[in-house]
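I opened this structure without having seen it before. These are my notes, in the order in which I looked things up.

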Amino acid sequence: DDGIWGRVILMPFNVQIPEHEQDLELTSKLKAELPGILAWAVRGWQLYQNEGLTPPAAAKQATESYRADSDILGQFLADCTVQAEGLEVVSSELHTAYTNYSGQSISTVLFARLLQERGFTKYTSNSGHTRNKVVWQGLGLKANDLNLDTFTDLANELGGIVILDNA
C-alpha cells in the first residue's frame, strides 16, 4: 500500500561504537547542552515545515530494500509466475499457489484487489478448459506451480498429450 510506504523511512544505523571508544560521560554532556539541542531541533522543525523532508540516499535505498523484502506478493509473482500477453491463469489456482508459496491465508477478495492494484485484469471465461471460471489475463503459473489437473484438462481439450520437462 503506497499510503503506508509514503510514511515509512528506514534510517540505517550501521555503526557500532566499540566499548573502549564509548563516552561514559555522554549523558551528562548532552544534559549540559540541552538548550542548544532544543534550538537545533526547533530550527530543524522549521526547515521541515518550509521545505519538507528529503531523506538521504542511504535512507531511500534502505527503505526500498525493506519494502521489496516485505512484498511477498511481488516475490511470488517474480518466483512463480510468467507475465506475458495472451497468458491466463484460473484465479483459484493462482490463489492456491500464492497460499502455498507464502504460507499466508488471505481472502480471495483481498488477493484479487492486490492483483488489480498491480494492473492485472480478470474476467469470467466462456470457452475452453477455463469455461465459467474466473481467470487473470497476462499471467501464468510457472510449470512447477501449476495444478496437474490443468495440464490434463488442456491435453484433453487439445486432443493430445502435454509433455512436462521438469529439468
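Entry 1, the chain as a whole. I started with contacts between residues at least 6 apart in sequence, and 64% of them join residues at least 24 apart. The model is a predicted one. I counted 8 helices and 3 strands in the chain. Reading from the N terminus, I noted the order α-α-α-α-α-β-α-α-β-β-α. The chain has 167 residues, and 21% of them are buried.

Entry 2, the sheet. In what order do the 3 strands of the sheet lie? I read β1-β3-β2, in an open sheet with antiparallel pairing. β1 (81–90) and β2 (122–124) are the edge strands; each has a single partner strand, so one side of each lacks a neighbour in the sheet. From one strand to the next, the twist averages 45 degrees.

Entry 3, the strand pairs. I looked up the bridges next. β1 and β3 run antiparallel and are joined by 6 bridges. Glu 88 has Gln 137 in β3 as its bridge partner. β2 pairs with β3 (residues 134–141) over 3 bridges, also in the antiparallel sense. Opposite Lys 122 I found Trp 136 in β3, and opposite Tyr 123 I found Val 135 in β3. As a reminder to myself, strands of a sheet pair through backbone hydrogen bonds.

Which strands does helix α5 (residues 72–80) lie across? I found that α5 lies across β1 and β3, and that its direction is at about 100 degrees to β1. Helix α6 (residues 91–102) also packs on the sheet, where it touches β1 and β3. The angle between α6 and β3 is about 55 degrees.

I counted 3 aromatic pairs. In one of the pairs, the ring centres of Tyr 98 and Phe 111 are 5.3 Å apart and the planes are at 35 degrees; stacked would need under 30 degrees and edge-to-face over 60, so this pair is tilted. Tyr 98 sits in helix α6 and Phe 111 in helix α7 (residues 108–117), 13 residues apart, and the pair links distant parts of the chain. Are these two residues buried or exposed? Tyr 98 has 4% relative accessibility and counts as buried. Phe 111 is buried too, with a relative accessible area of 1%. I also noted that ring pairs link Phe 76, Tyr 98, Tyr 101 and Phe 111 into a cluster.

Helix α4 (residues 57–70) has 14 residues. From its first C-alpha to its last I read 20 Å, close to the 20 Å expected at 1.5 Å a residue.

I made the same length check on helix α3 (residues 34–51). Its 18 residues should span 26 Å at 1.5 Å a residue, and its end C-alpha atoms are 25 Å apart, which agrees. Just after α3, I found Gly 52 with a positive phi of about 80 degrees.

Notes: Residues numbered from 1 in each chain as written. Predicted model: local features only at pLDDT ≥ 70, side-chain atom pairs only at ≥ 80, totals over all residues. Heavy atoms only, no water. Pairing = 2+ DSSP bridges. Helix = DSSP H or I, 4+ residues; strand = E, 2+ residues; numbered from the N terminus. Axes fitted to C-alpha atoms, helices over the stretch in contact; angles between N-to-C directions. Contact = heavy atoms within 4.5 Å. Expected span 1.5 Å × (residues − 1). Phe/Tyr/Trp six-rings, centres within 6.5 Å; stacked < 30°, edge-to-face > 60°. Buried < 20%, exposed > 50% of the residue type's maximum accessible area, 1.4 Å probe, protein only.
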